[in-house]
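Hi,

Here is the structure I said I'd pass on. Have a look through it, and then read on for what turned up.

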Amino acid sequence: MSKKIYITGIGALTAIGNNVSENFISLKEKKSGIGKITQLDTIHKDEIPVAEVKLTDDELLKELDLKKEGAYTRISLLGIKAAKEAIKDAKISDINEYRTGIISATTGAGMVASEKYYHDFLNTDFANDFIKTHEAADHTEKIADYLGITEFMTTISTACSSSANAMMLGARLIKNGILDRVIVGGADAHSKFTLNGFNTLMILDRKPCKPFDNDRKGLNLGEGAAYLVLESEELVKKEGKTPHAILSGYANANDAYHQTASSPEGYGGSLAMQQALDNSNLKIEDIDYINVHGTGTANNDLSEGRAMITIFGNNIPKFSSTKAYTGHTLAAAGSVEAIYSILSLQNKMIFPTLRFETPMEEFNLIPETDLIENIDIKHIMSNSFGFGGNGTVIILSKS
Amino acid sequence: MKAYINGTASLSPQNSLDYNEFLKGIVEYEDDFLKSIKPNFKDYIKPIEARRMSKTVKNGIICSEIAMLEAEINMPDAIIVGTGLGILSDTEKFLEKMLNDNEQYLTPTSFIQSTHNTVAAQIALRIKCHNYNFTYVNRGFSFETALQDGMMHLNEGKKNVLIGGADEMSEHYFHIVRKNGRWKKIAIKNTELLNYKTEGAICGEGVNFFVLSSEKKKNTYAELKSLKTFYKPKNDKEINKKLLSFLENNNINITDIDLVITGQSGDKKGDAIYDNILNNNFIEKPVAYFKHLTGDYQTSSSFAFWLGANILKSQKVPDFIMQNNKKVKKVKNILIYNHYFNINNSFMLLSVI
Amino acid sequence: MEDLTLKLKQQIIEALNLEDMEPDEIETNEPLFGDGLGLDSIDALELIVLLEKNYGIKIENPKDGQKIFHSVKSMAEYITANQK
């Protein structure tokens, strides 16, 4: 069984950049992607800020040289662009040279199109091609078909921990000898369904979010896609590649407290953190930085903060929430933030929590608010906690 | 590491909650789509608990409890569910309200309940299970990935994993997809499924749960020997090659297979594929089918899995599942071959313990 | 007031999907949240919408809901005092 899982390719598309380089520049320059809704026709247009990918579907179709007739939903387009970047970055020329799989994640699936064409689906023939794109598997198949992957595919949907779970499954498939390499990640796009759904839960901030701030009012929804190429140790050695990082640990645990809220003491989160540490054979003092889930909701940040204190005691590592830049990209969050963590590891940087002003009164946890450079980081913990109590923690290490 | 099936439970359009009841005879339908028989929910779930559970969540809770009871476990090491479409009813409820009332007066319940991982999450919530919890949503691979993940867990040292396949159909979604050619254009008798060589499958739904364990128990049904999935095969030749390769990798010959269960759905094009593979390899073998019992749905292979496990344990094979007249002797090895509109294909090998 | 409490109970049963439950199974003075009927924060959000849709009363801050939604009785009293 392969011992180490390497990350050899990364690709990302968010509100702060159309590829990894652009994301990196925005992170360094503290440029957030949160702003007014421009791409959705909703009554909340002027009220609720979101983080939109700054490319329209038509622009994506053109760039990827795809035909509209192919019925590409927005998440398929975002996913193909990001996955393509990751494959190129991993310098893969023949996708089927080794046993290669794809695991993608989504929460909204094809809803952007389904809600637009809902009445057409039954009453006209106008949008028939989008009927089957409603299903979550559709975008994974479209990415697989674009890249030529046939060996293995699956799609995960576990709310906000989805793409972190995709990473975990990918690693386990390699360790269990089923695959040699896997493209893992997720994609989500803005829809009225998701926007209104979160709005009914009263957890959307009417201004750009303030993670871990005492005056935080909620999250901002974001859209995006991010993929990583995971390869076995044997394959990396054989190909003589220089990997980006090591996926050195992971764990999934369930809060089992409530359908949407996290437990006040962050039990599920602390379990996932401890199990990820155990899985990576690392101790708490080995963690140099945490990319927290940090959505900016009253509930998450309190619960997550308590979980961090449970695990790290008085020695909480430096931490920040990059959702202050990208909004909460839902299923893509885990993989987006894994890529940001890799950028931190490789460039010896920690990105700040934008707009943080006042520490939470419940405890003394202060996230990083400035860009930190020239800092030696060996191990990063990245948290993703979702609805249904689903909590995943991954640990990335310098390779 | 071996994978034993230590608990099973099924809620489907047949009397599958009890295998002996199921054996008594096929429940006949002539409907647009086959709907699961409703159990008495109050026997299992209090109204205050059931308020936030759709039909499929309730069925999932009931089936998981029964399977765990049979397997003599209170807490599984993992809960893994496969669902192709998630909870359609709540998705539609929220979507329709949103569209009809122009995004006003919306409430969170149906939104929360529409999330794909709600079945797995509600099971965990109910039994306070803090362990691994995953949901796969990849059409006709959803249940298979759940099984594969479960097998990996056993390989990694875990003892018991709870695996489920769950899908529901709604009136609205049914009509949309029928318009797109997936389902039969008219209601047909499920008992005459194989007589209709026309376009479209018979549609259905169901929830099936299992406990896979690393240890044999007195209740053990069977062993899940192996599983293989493959995507959009180019032609029947490729499927045939994959089949022979699957058997070879498992050190098993065609002569060792005592029963084949295939997923004929009534769709002319899709069923021709099964017929070719059967004619090439299993012409002398007893062959059964199951979609006339449950209809086709993206996790319907979980019903075939339930059927196979129960046959191996009881050695009772009902006439009404047989496609041919070949006599069924002692059943030691069952091969299940299923595809979802030839996009997602799978082979499963189950053996007696 | 009695008519209103009965109507409210029926509306609560419908809004919260308490299938197979009858109005007389909900005590007028019993706490709705925590011990008692056992509702939670999501149900509170449902009740906020119920008040707005059926009685035209808007609750801006969900935290005010705690007092208002304490029991069917307190809900009825609030509605009587504030209905437009």
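First, the meeting of chains A and B: 43 residues of chain B are in contact with 44 residues of chain A. Keep in mind that this is a predicted model. On the chain B side, the elements that each put in two or more residues are α4 (88-100), α5 (108-113), α6 (118-127), β3 (132-136), α7 (142-155) and α8 (171-179) of chain B. The largest share of that side comes from β3(B), with 5 residues. Sorted by class, the part of chain B that touches chain A has 22 nonpolar, 16 polar and 5 charged residues.

Chain C also touches chain A: here the contact takes 5 residues from chain C and 7 residues from chain A. The chain C side splits into 3 nonpolar, 1 polar and 1 charged.

Now for a helix pair inside chain A. Helix α6 (residues 162-175) of chain A packs against helix α12 (residues 333-347) of chain A at an angle of about 70 degrees, and their axes are 5 Å apart. Angles of 65 to 115 degrees count as roughly perpendicular, so α6(A) and α12(A) are roughly perpendicular to each other.

Which residues of α6(A) and α12(A) meet? From α6(A) they are Ser162(A), Ser163(A), Ala164(A), Ala166(A) and Met167(A), and they meet Ala333(A), Gly334(A), Ser335(A) and Ala338(A) of α12(A). By class, the residues of this contact are 5 nonpolar and 4 polar, with no charged ones.

Cheers

How values were computed:
Residues numbered from 1 in each chain as written. Chains lettered and ligands numbered in written order. Predicted model: local features only at pLDDT ≥ 70, side-chain atom pairs only at ≥ 80, totals over all residues. Axes fitted to C-alpha atoms, helices over the stretch in contact; angles between N-to-C directions. Helix = DSSP H or I, 4+ residues; strand = E, 2+ residues; numbered from the N terminus. Parallel < 35°, antiparallel > 145°, perpendicular 65-115°, else oblique. Contact = placed C-beta atoms within 7 Å. Nonpolar A, V, L, I, M, F, W, Y, C, P; charged D, E, K, R; others polar.
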